[in-house]
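Here are my notes for a colleague opening this entry. Please read them with the viewer at hand.

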Amino acid sequence: MGPGAKLRRNSGPGHRFLLNFGPHLRPGRIKKFFGNISFVVLLNLLVKPGWVVVENLVQDRLGHAVFGTFTALLNWTLIVASVSDLGTTQLTTKRMAANPEFLGEYFPTLLPLKGWLSVLFLGLMVGSGWLLGYRGHTLTLLALTGASLLVTQYTQFLRGTLQAHQRFNTDAVLSVLEKALLLLFVLALLPVGITLDRYVGARSVAVLFTFVVLYALVTRLYGRVRFKLKWDHARGLLKASLPLALITLVYGLNERVDMLMLERLASPAEAGYYAAAYRWVDAIMMYLWTVLPLFFAKFAFVTGKREEQQELLWFGQRVVTVPLLFVCAFVLFRGEVLFWQFTHSTGPELARMTLSLKILFVNVLVHAFFAIYSTLLTSTNHEKPVSGLVAGSIGLNVVLNVLLLPRYGAVAAALNTLLCVVFVSGGYLWLVQRRAGVAIPWGTIARLLLAFGLLCAAFWGLRLWLNQWLLEAVGAGLAFVGILFGTGILRVAELKALRR
């Protein structure tokens, strides 16, 4: 019997929980990891809500049709920019997490390779935009937006080095720097007037400044890298990253194709309505896209160790899901209050945005439960089946969009997205059990579903009694704390163990 087993035998339930994470995640380390997650979330809470409010104001000033056109351009550039990475960011994070010497050996090839790929895909982005029917000034905006996103891609690639070396707090600060700068720039533009050109320019300046800061920091931490493109290294890296590139492509299409198809098949105004609803989804989902990369690095670190993967999954299921349960319940009961800034919108327009928002937040709820299973699969060399699953979801989504978007617009786009995420999440569960060989924590999922049901009942009762959204949210929040302890999702012993 090893020392870990003896500690498990002699410790209380809180300490047993912490000691189940193996030698690389001892109580002190899991406590530190939980602290990393908390710090990331805190920073995002300080910046992202303010950004959503300001972007709502920008859309209200520009109008739904103008902002809908910009959103379509942005989403097309997001799709192409995500492909330009060719999976190298995730591959680099995985390789460096397992082997720190990877950085010194391969970065002289990776850095110039990423630069040339960005230039290539910028040309493809503008050319494909022309084929989609964009001309003149609109095509210029597409090129500027695309160039900014490719720089953002490069920034995310450099941030992967920080994540792989477990520098999560530093990465957290950099993850919000761009949005914080853009928030300040837009606020500065409000007195002189917001135009689409000024807005796109402000985004570009914020992106470039963030890249310069991150590049200087990485150089200081790991030394200056001399570019030396080795074709054998490049071929090996691209071959290894292609499965991840396919995942990036299908995820980008799955998340972004709706906005583009709405603008092309329905109208720019419908794309604007959907953008107003999806903005809140994007803001809340940033919790997932901030926390899940940390679990990606941890899962990659324990590749092949199923017991440790299981314990990390059990821990992550609650960390990922619990905060989103409250947000989803609030939106389902009081989503209309999130559009208070749209003073120039009509009643039917607000109703359309609200309905789209509520459908999309059911989609967030499904992600809250099952997105971590995709992270486990992609970080432990199961990229190909995940790619096939998401590709099937894209095919379903495109077919539904072609059939329904021209008639039902933004509401149809939201419903199609929900149907596809239910399909793909079921596939994740099957793959984790059959391919990864990791047990699904069904008991935890059942308790989380019970907690969500009780929380919705609390919101319903408070709405009948109080009929004031802020008081309802406070009351439901207090009730939710009791629900979490009452259902066993949170335990006092675990919290005490984390404090020590």
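1. Start at Glu-336. Glu-336 makes a salt bridge with Arg-334, and the closest N and O atoms are 3.3 Å apart. The term salt bridge covers a side-chain nitrogen of Lys or Arg within 4 Å of a carboxyl oxygen of Asp or Glu. Glu-336 is partly exposed, with a relative accessible area of 29%. Arg-334 is buried at 9% relative accessibility. Buried stands for under 20% relative accessible area, exposed for over 50%, and partly exposed for what lies in between (1.4 Å probe, protein chains only).

2. The model is predicted: local features need pLDDT of at least 70, side-chain atom pairs count only at pLDDT 80 or more, and totals for chains, interfaces and linings use all residues. Residues are numbered from 1 along each chain as its sequence is written, and side-chain values use heavy atoms, with hydrogens and water left out.

3. Arg-334 has another partner. Its side chain meets that of Glu-472 in a salt bridge of 3.0 Å, N to O. Arg-334 lies in helix α12 (residues 306-334) and Glu-472 in helix α16, so this pair ties together parts that are 138 residues apart in sequence. Helices are DSSP runs of H or I with at least four residues, strands are runs of E with at least two, and both are numbered from the N terminus. Glu-472 is buried, with a relative accessible area of 0%.

4. How many salt bridges are there by this rule? The count is six. One of them joins Arg-279 to Glu-55, with the closest N and O atoms 3.0 Å apart. Arg-279 belongs to helix α11 (residues 268-301) and Glu-55 to helix α3 (residues 27-62), so the bridge ties together parts 224 residues apart in sequence. Arg-279 and Glu-55 are both buried. A network of salt bridges links Glu-55, Arg-203 and Arg-279.

5. Now the chain as a whole. Its secondary structure comes to 17 helices and zero strands. Of the 500 residues, 56% are buried. A contact is a pair of heavy atoms within 4.5 Å. Among contacts between residues at least 6 apart in sequence, 83% join residues at least 24 apart. The chain exposes about 21200 Å², and carbon and sulfur atoms supply 67% of that area. Accessible areas come from the Shrake-Rupley method with a 1.4 Å probe; for residues, only the protein chains shown count as cover.

6. Next, the aromatic rings. Rings of Phe, Tyr and Trp (its six-membered ring) pair if their centres lie within 6.5 Å; planes under 30 degrees apart are stacked, over 60 edge-to-face, and the rest tilted. The count by this rule is 15 aromatic pairs. Phe-211 and Tyr-215 form a tilted pair, 6.0 Å centre to centre with 35° between the planes. They are separated by about one helical turn because they sit four residues apart in helix α9 (residues 196-222). Tyr-215 is partly exposed, with a relative accessible area of 25%.

7. Ring pairs also build a cluster. Its members are Phe-326, Phe-330, Phe-333, Phe-459, Trp-469 and Phe-480. Another ring to check is that of Trp-314: the charged end of Arg-318 sits over it, 4.2 Å from its centre. The rule here asks for NZ of Lys or CZ of Arg within 6 Å of the ring centre and within 35 degrees of the ring normal.

8. Trp-469, Leu-470, Val-474 and Leu-478 form a nonpolar patch with about 410 Å² of accessible area together. Patches take residues with over 30% relative accessible area and no salt bridge; like charges are joined within 9 Å, nonpolar side chains (Val, Leu, Ile, Met, Phe, Trp, Tyr) within 5 Å. Val-474 is in helix α16 (residues 469-486). At 48% relative accessibility, Val-474 is partly exposed.

9. Look at the loop between α15 (442-465) and α16, where Asn-467 lies. Asn-467 is not a glycine, yet has a positive phi of about 55°. Asn-467 is exposed, with a relative accessible area of 55%.

10. Last, Trp-130 in helix α6 (residues 102-131). Trp-130 is partly exposed, with a relative accessible area of 45%. Which residues does Trp-130 touch, not counting those up to four places away in sequence? They are Arg-135 and Leu-139. Trp-130 and Leu-142 are 12 residues apart in sequence and 9.7 Å apart in space, C-alpha to C-alpha.
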